[in-house]
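Dear colleague,

Please find the structure below, with its sequence.

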Amino acid sequence: MRSPIPVFSVAEYLEAESKSKLRHEYLGGQIFAMTGGSKAHNIITLNIASRLRSQLRGGACNVFMSDMKVKLKATHQNQTIFYYPDVMVTCNSDDQDNYFVNYPCVIFEVLSPSTEVSDRREKLVNYQTISSLQEYVLVSQDEIKVEVYRQDLPGNWTQEILSSEDKLILNSVNLSLTMTDIYEDIF
């Protein structure tokens, strides 16, 4: 016996999510529960967010952790998506919604076994459609390795892979993080 897959409107999703104890990502009408992260994932996320927050405090930018959604349109479709990035920054004064960000300039995802494929493929492709996004950063939790996707010209993205001796330069917010900043208490 076949059952129809429920399709939710954006309004239905946002209403349900505001009452839910679990976080769910939204992809064009379908809702997917999010899994919890490891201790290393949590520490790395907190390290990044706290360093960014301390350096950007008092300015025009806001730093958000994994409880804030980003809203975007699906690649090659006219469908709305809501993801929960591990860390993101917006410096756009038009970002006034209380429950999601529309104009991030940098997004971080800490790679997990359950999300790595999605972070590297689906989210990479979809995040690159956000016109305000200048950098998408993938952070390994198993080794000191950071991958930075940068938009140097509209629609033109480059990739940089960083290791233990490198610094992560964030052009979008004009600051840098060392690998020690990112991986403190991990390695």
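A disulfide joins Cys61 to Cys91, with the sulfur atoms 1.9 Å apart; the criterion is a pair of cysteine sulfur atoms within 2.5 Å, and by this rule the count comes to one. Cys61 lies in the loop between α2 (39-56) and β3 (62-65) and Cys91 in the loop between β6 (87-90) and β7 (100-101), so the bond ties together parts that are 30 residues apart in sequence. Helices (H or I, at least four residues) and strands (E, at least two) are DSSP runs, numbered from the N terminus.

Before going further, please note that this is a predicted model, in which local features need pLDDT of at least 70 and side-chain atom pairs count only at pLDDT 80 or more, while totals for chains, interfaces and linings use all residues. Residues are numbered from 1 along each chain as its sequence is written, and side-chain values use heavy atoms, with hydrogens and water left out.

**Cysteines**

The torsion about the S-S bond of Cys61 and Cys91 is about 100°, so the disulfide is right-handed. The accessibility classes used throughout are buried (under 20% relative accessible area), exposed (over 50%) and partly exposed (in between), computed with a 1.4 Å probe on protein chains only. Cys61 counts as buried, at 13% relative accessibility, and Cys91 as partly exposed, at 29%. What keeps Cys105 from a bond with Cys91? The closest cysteine sulfur to that of Cys105 is the one in Cys91, and at 3.8 Å it is too far for a bond. Cys105 is buried, with a relative accessibility of 5%.

**Aromatic pairs**

A search of the whole structure finds eight aromatic pairs. Rings of Phe, Tyr and Trp (its six-membered ring) pair if their centres lie within 6.5 Å; planes under 30 degrees apart count as stacked, over 60 as edge-to-face and the rest as tilted. One of the pairs, Tyr127 with Tyr136, is edge-to-face, at 5.0 Å centre to centre and 70° between the planes. Both of these tyrosines, Tyr127 and Tyr136, are buried. Elsewhere, ring pairs link Tyr13, Tyr26, Phe82 and Phe100 into a cluster.

**The second largest pocket**

The second largest pocket has a volume of about 210 Å³. On a 1 Å grid over the protein atoms alone, a pocket is an open set of points where a 1.4 Å probe fits, with protein on both sides within 12 Å along at least five of seven lines, and lining residues have an atom within 4 Å of a point. Grid points are joined across faces, edges and corners, and the volume is the space filled by probe spheres set on the points. Of the 13 residues that line this pocket, Glu17, Ser18, Lys69, Tyr84 and Tyr99 are the closest to its centre. Helix α1 (residues 10-19) supplies the largest share of the lining, three residues. By class, the lining holds five nonpolar, three polar and five charged residues; here Ala, Val, Leu, Ile, Met, Phe, Trp, Tyr, Cys and Pro count as nonpolar, Asp, Glu, Lys and Arg as charged, and the others, Gly among them, as polar.

**Positive phi angles**

Most residues other than glycine have a negative phi. Asn174, which is not a glycine, has a positive phi of about 55°. Asn174 sits in the loop between β12 (167-170) and β13 (175-178) and counts as exposed, at 71% relative accessibility. Asp185 also is not a glycine and has a positive phi, of about 70°. Asp185 lies in the segment after α5 (179-183) and is exposed, at 67% relative accessibility.

**Individual residues**

The contacts below are heavy atoms within 4.5 Å.

- Lys167 is found in strand β12 and is partly exposed, with a relative accessible area of 48%. Its C-alpha atom is separated by 5.9 Å from that of Leu177, 10 residues apart along the chain. Not counting residues up to four places away in sequence, Lys167 touches Leu162, Ser176, Leu177, Thr178 and Met179.
- Asp181, in helix α5, is buried, with a relative accessible area of 18%. Not counting residues up to four places away in sequence, Asp181 touches Asn47, Arg51 and Ser176.
- Gln159 has its place in strand β11 (residues 156-162) and is partly exposed, at 44% relative accessibility. Gln159 touches Glu147, Val148 and Tyr149, not counting residues up to four places away in sequence.

With kind regards
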